[in-house]
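Try each task yourself before you read the solution.

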Amino acid sequence: MKIRFILGIIIIIGGALSSLMAGIYNPVADTIPPQTPIGLACISYEKHFDIVWQSNNESDLAGYKIYKENNGVFLPYVIVQKEYSFFMEHLQNIGDSAQYKILAYDFSGNESELSGSVSGKTKTCTDEEFLDMVQRATFRFFWDYGHPVSGLTRERLGSGNTVTSGGSGFGIMAYLVGIERGFITREMGIGRMLKTLDFLNFKANRFHGAFSHWLDGATGQVIPFSQYDNGGDLVETAFMIQGLLTAKQYFNNTNTDETRIRVLIDSVVNAVEWTWYRRASFSPHLYWHWSPNYGWQINMKLTGWNETMICYILGMASPTYPITKSSYYNGWAGNSSYVNGNWYYSYKLFVGPAYGGPLF
């Protein structure tokens, strides 16, 4: 009797588990296709077309298929990964023309309907059109190649999860240009800003408020820039803060999302302990690096003339950890080689080394 009872329980449990596993491994087939991509446009230059569109936001999106006209029929031409919303078609001659359509497809193989067609014809470009091309391509690095988890800017092409804090400040300012130029919508820019700010506030490592030069764009953990540089980088952080403060001024509407952007930016900006990076209360200088493992071992003072002036400006303006203006005069500009005053190639150079030094 006991054996039959136990066997019955086993059969019941086994049947329940079979039903559960069947539900896991045999889900209802997805038959819903993505939306047809919108905003398709073909921008013509001298040697190539930029085919661009607005990114789809379906969670199961797999990518896009570009169709190209051939003898009156649109045929599949190229597949574009879901992370990208552009395709560059290189051509040979001025006057070459082509027509394109696009669809989106998901991981279940569902395809949207084809979009309407767009056409392009290569042409001789004006200087303004050439600069537009450069600006769009520059923006594309920051936007389309931004890290998918954090939205932060990758160090360079092929750097994987390695993102750069200072470069991300440049990227944030590029988003604003992209909105103004119509490369992306304001709503798209808001979405990317909120993703980035949530990451900076709640995942990214900080060292007395400062970010590391490199960090993992997926986890927020520091990636050492060098043996002793595995902590706060004040200069890279300053470049990030510049971008954030610019975005705070730009996203000035009173709706929920833009208000939240400003609140999250304040949270990052106000956490930077500029006074800590003086190293000692009597020091007139700011220092570039601090490591929780190696302390001030790099020992690099910020003195002018170079790109680090922004640290003193932001430090003096800090509402939470302000440095004194004497740090600017005695630290940044206190170097004996700060003032120049000589003439080079008919130009007077007021500050900095002979011939001006690097343009960074």
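**Exercise 1.** Find the bridge partner of Asn 342 in β14.

*Solution.* Keep in mind that this is a predicted model. Start with the two strands: β13 covers residues 339–344, and β14 covers residues 347–351. They run antiparallel and are joined by four bridges. Now look across from Asn 342 and you land on Leu 349, its bridge partner in β14.

**Exercise 2.** Which residue in the hairpin of β13 and β14 takes a positive phi?

*Solution.* Go to the turn, where two residues sit between the strands.

**Exercise 3.** Is Val 134 buried, partly exposed or exposed?

*Solution.* First, locate Val 134: it's in helix α2, which spans residues 127–144. Next, take its relative accessibility, 36%. Buried needs under 20% and exposed needs over 50%, so Val 134 counts as partly exposed.

**Exercise 4.** Which element gives the most to the lining of the largest pocket?

*Solution.* Begin with the pocket itself, which holds about 800 Å³ of space. Its lining is made up of 26 residues, and those nearest the centre are Ser 55, Asn 56, Asn 57, Lys 82 and Arg 192. Then list the elements that give two or more residues to this lining: α2 and α4 (186–202). Of the elements, α4 gives the most, with five residues.

Notes: Residues are numbered from 1 along each chain as its sequence is written. This is a predicted model: local features need pLDDT of at least 70, side-chain atom pairs count only at pLDDT 80 or more; totals for chains, interfaces and linings use all residues. Side-chain values use heavy atoms; hydrogens and water are left out. Two strands pair if DSSP finds at least two bridges between them. Buried means under 20% relative accessible area, exposed over 50%, partly exposed in between (1.4 Å probe, protein chains only). On a 1 Å grid over the protein atoms alone, a cavity is a set of points where a 1.4 Å probe fits but cannot get out, and a pocket is an open set with protein on both sides within 12 Å along at least five of seven lines; lining residues have an atom within 4 Å of a point. Grid points are joined across faces, edges and corners, and a volume is the space filled by probe spheres set on the points.
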